[in-house]
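Try each one yourself before reading the solution.

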Amino acid sequence: LECHDYGVSPGQELLARRAEGRLSVEITATIWHNGGLYPDLHRPTLGQQLLVDPDTGVDVARAMTEELFTGGVAVTWGERHALDEFAVHQMWESMQARGGQGRAHELLHYMAERREHAPRWSAALERDSAPTWFVWGDLDPVSGAHMIERVETNIPHATVLRLVDVGHWPTLEAPDECAAAVRAAVAV
């Protein structure tokens, strides 16, 4: 199981269901990349704050342009190398499909879900006995060093690779390290 960003929520839900004996799929290892594992530490960007606000969210989503979207991604990008403009353009293109950009405010429901399920999800993550890797970008302002520090404290059995010059996008900013974690997980 490999999870990043929005994907940490379904990943943690799967671990919780497994802990409760309600999951028939085997999870042999997990790999986590920057995401709001602990909602009390999640620091939404200004754009996310505007999108989640019921008074501004719809208008902000409708007014979003590729330039604004790219700026939002750029503030979460690290220092290892320049922003991958092609990758960001592909993200924008996928968001544009079937009018998704105008519904961006609807995607942020995961923040409330994380708060709602925090005790259950955190407990499942922290008690899971499967081999666990965290390949984490420290420079992520949303879920970076401040998030992984709690992971290091609460999940001492995990393998943690902190990428000090990487932001929110380890799979794009540090693909070699991410691939090595996947190879290690598959070898388990």
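**Exercise 1.** In which strand is the place of Thr30? Describe its surroundings as well.

*Solution.* Keep in mind throughout that this is a predicted model.
- Step 1: locate the residue. Thr30 belongs to strand β2, which covers residues 30-32.
- Step 2: check burial. The relative accessibility of Thr30 is 0%, so this residue counts as buried.
- Step 3: look for polar partners. The side chains of Thr30 and Trp32 are joined by a polar contact of 3.0 Å. A further polar contact, of 3.3 Å, links the side chain of Thr30 to that of Thr132.
- Step 4: list the contacts, setting aside neighbours within four places in sequence. Thr30 is then in contact with Leu1, Leu15, Pro131, Thr132 and Trp133.

**Exercise 2.** Characterise the largest pocket and one of the residues closest to its centre.

*Solution.* 
- Step 1: the largest pocket holds about 960 Å³ of space.
- Step 2: its lining has 34 residues, and those closest to the centre are Gln48, Leu51, Met64, Phe69 and Met95.
- Step 3: two or more lining residues come from each of α2, α3 (57-63), α4 (66-74), α5 (85-96) and α6 (109-127).
- Step 4: by type, the lining residues divide into 19 nonpolar, 13 polar and 2 charged.
- Step 5: now pick Gln48, which is found in helix α2, residues 46-52. With a relative accessible area of 15%, Gln48 is buried.
- Step 6: the side chain of Gln48 makes a polar contact of 3.3 Å with the side chain of Tyr110. Not counting residues up to four places away in sequence, Gln48 touches His42, Leu108, Tyr110, Met111 and Val142.

**Exercise 3.** How many disulfides does the structure hold? Account for Cys3 and Cys178 in your reply.

*Solution.* 
- Step 1: the count is 0 disulfides.
- Step 2: the cysteine sulfur closest to that of Cys3 is in Cys178, 13 Å away, which is too far for a bond. Starting from Cys178, the closest cysteine sulfur is that of Cys3, again at 13 Å.
- Step 3: check burial. Cys3 is buried, at 4% relative accessible area, and Cys178 also counts as buried, at 4%.

**Exercise 4.** Examine the positive phi values of Asp5 and Arg98.

*Solution.* 
- Step 1: Asp5 is not a glycine, yet its phi is about 55°. Asp5 lies in the loop between β1 (2-3) and α1 (8-19), and at 25% relative accessibility it counts as partly exposed.
- Step 2: Arg98, also a residue other than glycine, has a positive phi near 50°. Arg98 lies in the loop between α5 and α6 and is exposed, with a relative accessible area of 85%.

Note on methods. Residues numbered from 1 in each chain as written. Predicted model: local features only at pLDDT ≥ 70, side-chain atom pairs only at ≥ 80, totals over all residues. Heavy atoms only, no water. Helix = DSSP H or I, 4+ residues; strand = E, 2+ residues; numbered from the N terminus. Buried < 20%, exposed > 50% of the residue type's maximum accessible area, 1.4 Å probe, protein only. Polar contact = N/O pair within 3.5 Å; in protein donor to acceptor, adjacent residues only side chain to side chain. Contact = heavy atoms within 4.5 Å. 1 Å grid on protein atoms, 1.4 Å probe; cavity = no way out; pocket = protein on both sides within 12 Å on 5 of 7 lines; lining within 4 Å. Points joined across faces, edges and corners; volume = space filled by probe spheres on them. Nonpolar A, V, L, I, M, F, W, Y, C, P; charged D, E, K, R; others polar. Disulfide = S-S within 2.5 Å.
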